[in-house]
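Here is a quick walk through one protein chain, going from the whole fold down to a handful of residues. Have a look at the model first, then read on.

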Amino acid sequence: MPSKISFINMASTEQFNQNVVIEKHDQERLEKKMLDSCEKLRLSHLDHPILIHLETMAKCNAECNFCPYTTMDRKDVKMSDELIEKVISDLSDLPVNDRFQINPYKVSEPFLEPRLFDILKLILEKLPNASIGFITNGSPLTEKKIQELSFLDHKRFAPIKISLNTLDPIEYENVMKIPLDKTLRRLDVLHSYVLRGILKISINITRVADTPQTDLDFLNLVNQRYPLFIPYINRRNDWIGTIDHDEKKHQIPNAPCLRWFDLSITATGKVAKCCMDGNADYSKGDVNNQHVLDIYRQTKLEMLRLYLPNRKTTESPCSTCTYLN
């Protein structure tokens with residue numbers, strides 16, 4: 001192992017991991033952070049989104065037990081090239097100092113999209129005020145795709161989040177319904193590209209939270225196998241009631257929601273209520289016949305961002321949603 005990795009202080013890393021796990025299981029602390037973040041966004045993103053999910057193709061190779069993909073109506077739907085260009089054109093109407101992030105997925109695996117790198121180049125060309133983010137299960141991230149990523153402007157990319165969840169082969173297959181060994185081979189190659197400085201995009205390895213001890217074990221194992229990746233814990237979410245969760249662990253937060261500052265565009269063009277509205281059952285617009293920014297700037301939605309009410313006092317589905325990431 002190269003010497004620069006040997007400088008990692010494992011004791012301090014394990015203490016940091018313990019703090020991460022404690023926070024992810026501390027409802028009150030997360031509520032306070034959610035409120036603080038919303039108040040900051042109210043000042044900077046009242047009239048333009050901080051994040052846009054753009055699902056160009058509703059396809060995934062996994063069937064994770066924490067995701068609504070398997071029951072989704074629009075599986076395999078592909079957004080037209082013309083609509084992708086229209087969405088990007090709408091966003092280009094923003095002033096260049098209005099910063100935001102665009103993520104080319106929603107309930108989908110972005111690296112299965114055959115047009116992905118053409119779409120990324122279009123975003124980088126037409127939206128100079130946009131960064132790009134990914135969540136992927138890592139399995140389709142071939143060396144060819146890693147090489148193509150390395151040719152792009154690394155400064156324009158947010159950390160790539162890889163949903164790994166466990167390093168146990170049996171648990172992994174039970175949770176995600178794909179084999180672990182293939183994913184780890186891809187991640188080994190990805191780590192080597194980061195190690196050699198070829199790919200300079202930060203990599204997060206994520207897990208959907210379970211118990212404090214299993215979460216901590218996961219963080220420590222990732223640090224050992226992939227010292228240049230950052231392990232992270234995501235709270236388990238119920239996708240507005242479509243995925244079962246433990247009521248004792250998940251309560252409706254006493255806080256507003258960061259997702260009020262997002263737009264979540266599905267492959268059909270319908271704009272979901274938020275990232276947790278997997279099937280777009282609570283659609284708030286359609287980019288086929290509406291300007292993207294007009295959808296975001298609807299008076300009703302703007303009032304949520306302006307006044308930041310406690311979620312419990314809002315109307316359904318926000319009033320019953322447990323999202324707290």
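## A cis proline and other local details

Pro317 sits in the segment after α11, the helix that covers residues 299-307. Keep in mind that this is a predicted model. The peptide bond between Ser316 and Pro317 is cis, with omega at about 10°. Most peptide bonds are trans, and most residues other than glycine have a negative phi.

That second point leads to two more spots. Lys177 has a phi near 65°, a positive value in a residue that isn't glycine. Ala280 has a positive phi too, near 55°, and is likewise not a glycine. Lys177 belongs to the loop between α7 (169-176) and α8 (180-195), while Ala280 is in the loop between β8 (270-272) and β9 (285-286). How much of Lys177 can be reached, in terms of relative accessibility? The value is 46%, so Lys177 counts as partly exposed. Ala280 has 4% relative accessibility and therefore counts as buried.

### The chain as a whole

Zooming out, the chain has 11 helices and 9 strands. Its C-alpha atoms fill a box of roughly 55 × 45 × 35 Å along the principal axes. Of the 325 residues, 53% count as buried. Take the contacts between residues at least 6 apart in sequence: 76% of them join residues at least 24 apart.

Now for a few side chains and their surroundings. His48 is in the loop between α3 (27-44) and β1 (51-54). With 3% relative accessibility, His48 counts as buried. The side chains of His48 and His45 make a polar contact of 3.4 Å.

Asn234 is part of strand β6, residues 230-234. Phe111 is 123 residues away from Asn234 along the chain, and their C-alpha atoms are separated by 21 Å.

Asn237 is in the loop between β6 and β7 (262-265). Is Asn237 buried or exposed? At 9% relative accessibility, Asn237 counts as buried. The Asn237 side chain also reaches the backbone oxygen of Arg235, at 3.2 Å.

| Residue | Residues in contact |
|---|---|
| His48 | Leu94, Asp98, Arg99 and Tyr296 |
| Asn234 | Thr206, Arg207, Val208, Ala209 and Asn325 |
| Asn237 | Ile243, Met276, Thr322, Tyr323, Leu324 and Asn325 |

Around His48, the partners include Asp98 and Arg99.

Definitions and conventions
Residues are numbered from 1 along each chain as its sequence is written. This is a predicted model: local features need pLDDT of at least 70, side-chain atom pairs count only at pLDDT 80 or more; totals for chains, interfaces and linings use all residues. Side-chain values use heavy atoms; hydrogens and water are left out. Helices (H or I, at least four residues) and strands (E, at least two) are DSSP runs, numbered from the N terminus. Buried means under 20% relative accessible area, exposed over 50%, partly exposed in between (1.4 Å probe, protein chains only). A polar contact is a pair of N or O atoms within 3.5 Å; within protein, one must be able to donate a hydrogen and the other to accept it, and residues adjacent in sequence count only if both atoms are side-chain atoms. Contact means heavy atoms within 4.5 Å. Lists of a residue's contacts leave out its neighbours within four places in sequence.
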